[in-house]
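Please report on the strand pairing and the backbone geometry of this protein. Keep it brief.

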Amino acid sequence: MDQRWIELEQQMHQLGMDTLLITDPKHVYYLTGFLSNPHERFLGLLLKAGSEPVLFAPALDGEAAKAAIGSMELITHQDTEDPYRLLRQRLGSDRSIGTFGLEKEYVTLDRYERLQEALRFSASADIGPSLREMRIRKSPEEIKRMRHAAKLIEQVLELSLKQIKEGVTENELVAEVEYQIRKLGADGPSFDSMVLFGEKTALPHGVPGERKLRSGDMIMFDIGVYANGYASDITRTFGFGELSAEQIKIYETVLAANEAAIAAIKPGVTFGSIDKAARDVIEAAGYGPYFNHRLGHGLGIDVHEFPSVHGQNELFLREGNVFTVEPGIYVPGVAGVRIEDDVTVTDSGVDVLTSFPKHLQCV
């Protein structure tokens, strides 16, 4: 049995679960290699203590599921069938279920009530924290996939920069980004692609629109892809035409903060200390109030996953952690700059998965 399943069974035993159902498609993929979007249909991975896992999937995904999971038992259901009844039949209609494990963060109240009605379990427990703890430690194969996803999005960025000219709109560049994402063979964007100009770069989560590019603008690209089930996430900020002295100072401050945080990464330090390394640089330059978000977030099969890299996080870095480093300064009416890299912790330090140049470029 795969090491992940062994670890999961150990967690079930420690939590007193005799039956576990995983329904988050990303967790199903993590454990089986089957990646799908079931939409409103039922997808579930069933595990009973001491038994082999069983995958329940919509019939229309049956062939893809079979190809992905190999010899694992597969039960498919038509749109006209009740998957909860099939689940109960597979467990045994007379079997008493004690503590039932599920992902409380993902399971809706409606699904919980339907499971309770079908399975009549006496208690429930959350397997989510255990899965989160497993996923925080990336294997060499996972890191390899994320390095590939980072390379793809950097190719997308390089090609998209060629379309920059005075008068182009944010939406036109977003369209170019997403065209190149598909053309280069990625599975798709890992989040809504963001390209912002001028005063809009001071909005950390601004929405691209019909704003046209003018000389003296900053240009912010925050983009990423999924490739082979794993995400990348990169931000680069550029100048267009002649920039002001303050715009340049903001940029150089963010770059120094990004580099300070990366230099501080190694096993055994806290995530909070990484945030502090970047924040100290920005505060020393007088821009402390304008760095108004955490330093970064975990990265993997979700573009935003555990852990949150903020100043209060006392969790220690371990080899195999992958997360973003993305300090920013956002001064309304002047400029916004963010520089984001994807990094992984090694046995002695850090490996930066993103390599797109970070020096100030005016395009």
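## Strand pairing

Two strands count as paired if DSSP finds at least two bridges between them. The model discussed here is predicted. In it, strand β1 (residues 19-22) pairs with strand β2 (residues 44-48). The sense is antiparallel, and the pairing runs over four bridges. Within this pair, Ile 22 stands opposite Leu 45 of β2.

## The six-stranded sheet

Both strands belong to an open sheet of six strands, ordered β4-β3-β2-β1-β5-β6. Its pairing is mixed. The edges are β4 (73-77) and β6, each of which pairs on one side only. On average, neighbouring strands of the sheet are turned by 25 degrees against each other, direction ignored.

Helix α1 (residues 3-15) lies across β1, β2 and β6. Helix α1 runs at about 65 degrees to β2.

## Positive phi values

Arg 120 is not a glycine, yet its phi is positive, near 50 degrees. Arg 120 sits in the loop between α5 (109-119) and β6 (123-126). Is Arg 120 buried or exposed? The cut-off for exposed is over 50%, so Arg 120, at 53% relative accessibility, counts as exposed.

Asn 228, also not a glycine, has a positive phi of about 55 degrees. Asn 228 is in the loop between β10 (225-227) and β11 (230-231). At 44% relative accessibility, Asn 228 counts as partly exposed.

## A cis peptide bond

Which form does the peptide bond from Phe 306 to Pro 307 take? The bond is cis, with omega near 5 degrees. Pro 307 lies in strand β14 (residues 305-309).

Key:
Residues numbered from 1 in each chain as written. Predicted model: local features only at pLDDT ≥ 70, side-chain atom pairs only at ≥ 80, totals over all residues. Heavy atoms only, no water. Helix = DSSP H or I, 4+ residues; strand = E, 2+ residues; numbered from the N terminus. Buried < 20%, exposed > 50% of the residue type's maximum accessible area, 1.4 Å probe, protein only. Axes fitted to C-alpha atoms, helices over the stretch in contact; angles between N-to-C directions. Contact = heavy atoms within 4.5 Å.
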